[in-house]
Amino acid sequence: MNKKQVIIGSALCLIASMSWGAMFPVAQVALQEIDPFYFSFIRYAVVAALLASILWVKEGKAAFRLEGKGKALAFYGTMAFTVYNMLIFSGQYLMGDTGTITASLIEVLMPMISILYVWITAKSKPPGYTIVSMIICLAGALLVITNGKLAFFAMAGKSLFPLLLIFIAVTGWVLYSMGGSRFKDWSVLRYSTLTCLLGSLVSLIIVAFATLLGLLPVPSVETLSAVKWEMAFMITLPGIVALLSWNAGLKMLTPLNGILYINFVPITTLIIMAFQGYQVSIFEICGTLLVIFAIVWNNIAQRRELRAPGRTVDRSEARRAAGPQPTVRNVRTR
């Protein structure tokens, strides 16, 4: 890895992370006008169409063949583009202003959630330093969620449901991320496009039935016009640009190095919220820094373990030490 690769790869990963960090404050503005479900569906319907156009040009008609993997693609697409997007924005909206930084921070916890998932499902206990990192992450997250107020626990019932929605959403993206390993022979663009198309189809079915049952209002032309700039941003930067930038950046830096840039997500969110007039508390800042510290420390400890004298590490072991590395969520379309 030469110096030029490091500089370019770092710049690309930084662009992607800052785009995702800006996503939540922008979404918070849009969600004052439009329902989270329609907001997510319309956004990804456009992203899916754009991705399909790019895939058609780059890989041709044959790239749209499911090759007997339709059920798996539909499952992972639903986890990412239906469960993740609809629930995380619903949870953010229900929590109000605090939901913006909470959703952003829990994004950063995805590597730790991935490790926890593997620990539970594969009975593969992580090393001690990772367990300590997870505890520190939890403490930092609690500082942000409670804003340092013990009274939060007495009123936890009001926030428990939206927090659960956000956690389920993040877990959905973790499952999608880990599912990418089943499509190693496919390009990232192909996997991204087909899962996005199928996930958007599931979202269409959900919003259609919910609308017919009177649970969701169809957004009017005036509503769509009111959120046109926010929607354009969400489609362009956190969607297409972040996807391509993150993908290229990780190829240059490797996932173990590139994943550190995910820490810029909550930092960007806090800065934008401050400019929007939100009074960021010392507890939110300290909690965010705690989470960032835990993830960086865990990453450094992984590197030391991999470089320990007398230890032979192959590529697959290095990937396991870095945690489950997604095909698309380390190239994620948010």
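Is S203 buried or exposed? With a relative accessible area of 1%, S203 is buried, where buried means under 20% relative accessible area, exposed means over 50%, and partly exposed is anything in between, using a 1.4 Å probe and protein chains only. Before going further, keep in mind that this is a predicted model, in which local features need pLDDT of at least 70 and side-chain atom pairs count only at pLDDT 80 or more, while totals for chains, interfaces and linings use all residues. Residues are numbered from 1 along each chain as its sequence is written, and side-chain values use heavy atoms, with hydrogens and water left out.

Let's take in the whole chain. You'll find 15 helices and 0 strands; helices (H or I, at least four residues) and strands (E, at least two) are DSSP runs, numbered from the N terminus. The chain has 334 residues, and 51% of them are buried. Now think about contacts, meaning heavy atoms within 4.5 Å. Of the contacts in the chain with a separation of 6 or more, 87% are between residues 24 or more positions apart.

Start the walk at helix α1, which covers residues 3–30. Its 28 residues should span 40 Å at 1.5 Å a residue, and its end C-alpha atoms are 40 Å apart, so the two values agree. (The expected span of a helix is 1.5 Å times one less than its number of residues.) Even so, α1 has a kink of about 30 degrees at M23, shortly before the proline P25. A bend like this is the angle between axes fitted to the seven residues ending at a given residue and the seven starting there.

Stay with α1 and look at A30. A30 has a relative accessible area of 0%, so it counts as buried. Leaving out residues up to four places away in sequence, A30 touches F39, V227 and E230. A30 and M231 are 201 residues apart in sequence, yet their C-alpha atoms are 7.7 Å apart in space.

Next, follow the chain into the loop between α2 (36–59) and α3, where E67 is found. Phi of E67 is near 55 degrees, a positive value in a residue other than glycine. Why point that out? Most residues other than glycine have a negative phi.

Now for α3, residues 70–95. Its 26 residues reach 36 Å from first C-alpha to last, close to the 38 Å expected. This helix bends by about 35 degrees at T78. Of its 26 residues, 20 are buried, so α3 is largely enclosed by the rest of the structure. After α3 comes G96, whose phi is positive, near 75 degrees.

What does the largest nonpolar core look like, and which residues have the most contacts inside it? It has 85 residues, and those with the most contacts inside it are F39, Y84, I88, F89 and Y176. The largest share of this core, 13 residues, comes from α3. A nonpolar core here is a set of buried Ala, Val, Leu, Ile, Met, Phe, Trp, Tyr and Cys residues joined through side-chain atoms within 4.5 Å.

T98 has a relative accessible area of 28%, so it is partly exposed. The C-alpha atoms of T98 and T146 are separated by 9.3 Å, although the two are 48 residues apart along the chain.

What about the cysteines? C137, at 2% relative accessibility, counts as buried, and C196, at 0%, does too. The structure holds 0 disulfides, a disulfide being a pair of cysteine sulfur atoms within 2.5 Å.

Back to S203, which sits in helix α9 (residues 188–212). Not counting residues up to four places away in sequence, S203 touches F41, F81, T82 and M86.

Two more stops remain. T223 is in helix α10 (residues 221–226) and counts as buried at 16% relative accessibility. Leaving aside neighbours within four places in sequence, T223 is in contact with E33 and I34. Finally, I271 lies in helix α13 (residues 264–275) and counts as partly exposed at 46% relative accessibility. I271 and G21 are 250 residues apart in sequence and 9.3 Å apart in space, C-alpha to C-alpha.
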